[in-house]
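Hi there,

Here is the structure I promised to hand over. Have a look at it first, and then read my notes below.

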Amino acid sequence: MNWNRLGTGRKMPPSPAGPQHTETLGVGKAIAVLTSGGDAQGMNAAVRAVVRVGIYTGAKVFFVCEGYQGLVDGGDHIREATWESVSMMLQLGGTVIGSARCQDFRTREGRLRAARNLVKRGITNLCVIGGDGSLTGADTFRAEWGGLLAELLKTGGITAEEAQRSSHLNIVGMVGSIDNDFCGTDMTIGTDSALHRIMEIVDAITTTAQSHQRTFVLEVMGRHCGYLALITALACGADWVFIPESPPEDDWEEHLCRRLTETRDGGSRLNIIIVAEGAIDKHGKAITSDEIKALVVKRLGYDTRVTILGHVQRGGTPSAFDRILASRMGVEAVMALLEGTPETPACVVSLSGNQAVRLPLMECVQVTKDVTTAMNEGRFEDALKLRGRSFQNNWNVYKLLAHIRPPATKSGYTVAVMNVGAPAAGMNAAVRSTVRIGLIHGHRMLAVHDGFEGLAFGMVEEIGWNTVGSWTGLGGSKLGTKRTLPKKHFEEISANISKFGIHGLIIIGGFEAFTGGLELVEGRARFEELCIPLCIVPATVSNNVPGSDFSIGADTALNTITTTCDLIKQSAAGTKRRVFIIETMGGFCGYLATMAGLAAGADAAYIFEEPFSSRDLQANVDHLTEKMKTTVKRGLVLRNERCNENYTTDFIYNLYCEEGKGIFDCRKNVLGHMQQGGSPTPFDRNFGTKMGAKAVAWITGKIKECSRHGRIFANTADSACLLGMRKRSLVFQPIAELRQQTDFEHRIPKEQWWLKLRPILKILAKYNIELDTSETAHLEHLTRKVLVPEATL
């Protein structure tokens, strides 16, 4: 992902040659792109980005069809790509240019033929999208390049001039794998989409399982990596998960049956067990779905069914996250290739937290192999560590939520949880983990209904473990949520904090949760009852809360918009010469419009943060007029609902209709509240679950810190914090400090990381603008950062 090239990476010293003009960076160069190994949703988005950004820089770009086999066979398998040839690829699953497992490339003879095919076409830059096997093959190819050329020259396969022109080969990899099994990258292309497929099936199975009081054993892909199984278990609140990195204890059969019985005794009508296909016990023996079914039937007599998901997980349309990830990685890959020298090692462009990084390819491959070695040798602790911080954190949260029961001894503290603002998918997942982790810490947990209004009117009740059991997959807000701010109800709120004995408050919500938190802190001077620790967890589709790169609910809204845009584009493609203008939510924040523009391949996205004039509107109309002369006779324009008070959706629609007369016709769609609804995506379920867990751990520490002789008194700035995702980690920031970073009039942060992605949106839509390369990703080393333990929850 191209986070750093477009803004959030570390600064590099300017190149001695002065600023590079990205539009001429590739002149005289040629890039080939291939997809290899197992397919993954999002590969097409990566191919599209490589082709379009390559052409934008002035380079020639070639498709290599059927992976390495096409490289070896040459001929029509290697053909030049055009701008239009990657149109409508973005929303397609699989890989349009084909992928194949290739035995020929494993031989030196095969690699000789591949080298000759590249040299004859003047291609010295190769972008490989695939798993660790595909990337290792590329590195071998690069290492042998000099020798292959010498041999070809000797046998007359190539001329001396051709050898001179192609003296070195640059290689950049992008990891496309649904298993997320490549070390060094937090998310590989295809993982999020595979989770979408799995969760759709889990949600469907849950309804039938409840009807018949059944137990379901679901087997997901992941021969050597339990990521899909783990995130699925977290996202659906499974009773048990089997992953290869952390086999169960030897008496797991008793433990599993006890766990299933407890769930049923607690009032649940179903059990869900998730199994990774590579699940093993401590001695390396496979644990199969059928064995687990036989065990449950024999010991408990439960009606049990097995569902093996298989290749469904690879299929279907890519999620918004995978499209954006692949597009940004594609940009970064082209830049890494064109900036490459004979000295730079083959690198892989990768995602770490909310940052793109370039990592030495073979270091990543080595650590990935080290995980398998550790598992084969029974060093499961090491295997977990090598998987990285993010994996460990997910595993720790899952174990807490699924395997640890509330203690008999209570902490004596009471923590209340509430939703504030508009509903957002994932709020319920956050409430569930907040309640359950709170109970595990021994607290009494209270649910406040209808936001600050409910706190003022005493709509507060104790909430237990089983109440929140099935909440993870539910959209909206089960607690009820309102936009009311607390200031006018201080007296009633203070009285109820005292009446219910509340020692800490976790507020899950949008911009109102943030401003409400600020008001509560201001009220501390007048009302001593408000001197309790507060934690704000951002949850809003608009993603406009300061202090966090992401908010719970934004991913679900983004996928809803993207899916709708796909359907609209299909309609436009059928009727030809049609432009759709779509209005998205977000208040003044242009996050949804921009990211949906990237994910759906929009021609323009109008937002408040980037002011535009009538001249810009005219330029966009002219651009679309030119586009109608090509084979791609359709347009998609997004407009954020409050981007400009005068240039309304109707105004833009009327302008386009008038200016496009005789060239294209227009339609408009206002998406409205459908963007707030629906079942939360796997990302929002997982993100909400982790945020809730982290918030409780923090507030528990704060309550203890502020406790004096049995009373809580918190009036320091750091006792009221917002928990946000910042670049690579979850951080707590005093809300008073975030005040300076906020534009209160427009309810947005003053600085927003995603604005740096807007140039990509424009370049992929064929606008000639300069791409900012002043802050560029540079090569990081993997080995030093892998074994840093995650802070314990």
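Two residues are in contact when they have heavy atoms within 4.5 Å of each other. With that rule, residues 24 or more positions apart account for 80% of the contacts in the chain with a separation of 6 or more.

Please keep in mind that this is a predicted model, where local features need pLDDT of at least 70, side-chain atom pairs count only at pLDDT 80 or more, and totals for chains, interfaces and linings use all residues. Residues are numbered from 1 along each chain as its sequence is written, and side-chain values use heavy atoms, with hydrogens and water left out.

**The whole chain**

The chain has 26 helices and 27 strands (DSSP runs numbered from the N terminus: H or I of at least four residues for helices, E of at least two for strands). Its radius of gyration is 27 Å, close to the 28 Å of the globule rule for 793 residues, so the chain is as compact as a globular protein of that length (the radius is taken over C-alpha atoms, and the rule is 2.2 Å times the number of residues to the power 0.38). Of the 793 residues, 62% count as buried (under 20% relative accessible area; exposed is over 50% and partly exposed in between, with a 1.4 Å probe and protein chains only).

**An enclosed helix**

In helix α8 (residues 227-236), 10 of the 10 residues are buried, so α8 is largely enclosed by the rest of the structure. Its buried residues, including Tyr227 and Cys236, pack against α7, β6 (215-220), β7 (240-242), β8 (271-276), α14 (389-403) and α23. After α8 comes Gly237, with a positive phi near 65 degrees.

**Two of its neighbours**

Helix α7 (residues 191-212) and helix α23 (residues 682-705) also pack together, at about 90 degrees with their axes 9 Å apart (axes are lines fitted to C-alpha atoms, for helices over the stretch in contact, and angles run from 0 to 180 degrees between N-to-C directions). That makes α7 roughly perpendicular to α23 (65 to 115 degrees; under 35 is roughly parallel, over 145 roughly antiparallel and the rest oblique). Asp192, Leu195, His196, Met199 and Asp203 in α7 meet Pro682, Phe683 and Arg685 in α23.

**One more pair**

The axes of helix α9 (residues 252-265) and helix α10 (residues 289-300) come within 11 Å and cross at roughly 65 degrees. Among the residues that meet there are Trp252 in α9 and Ile292 in α10.

Happy exploring!
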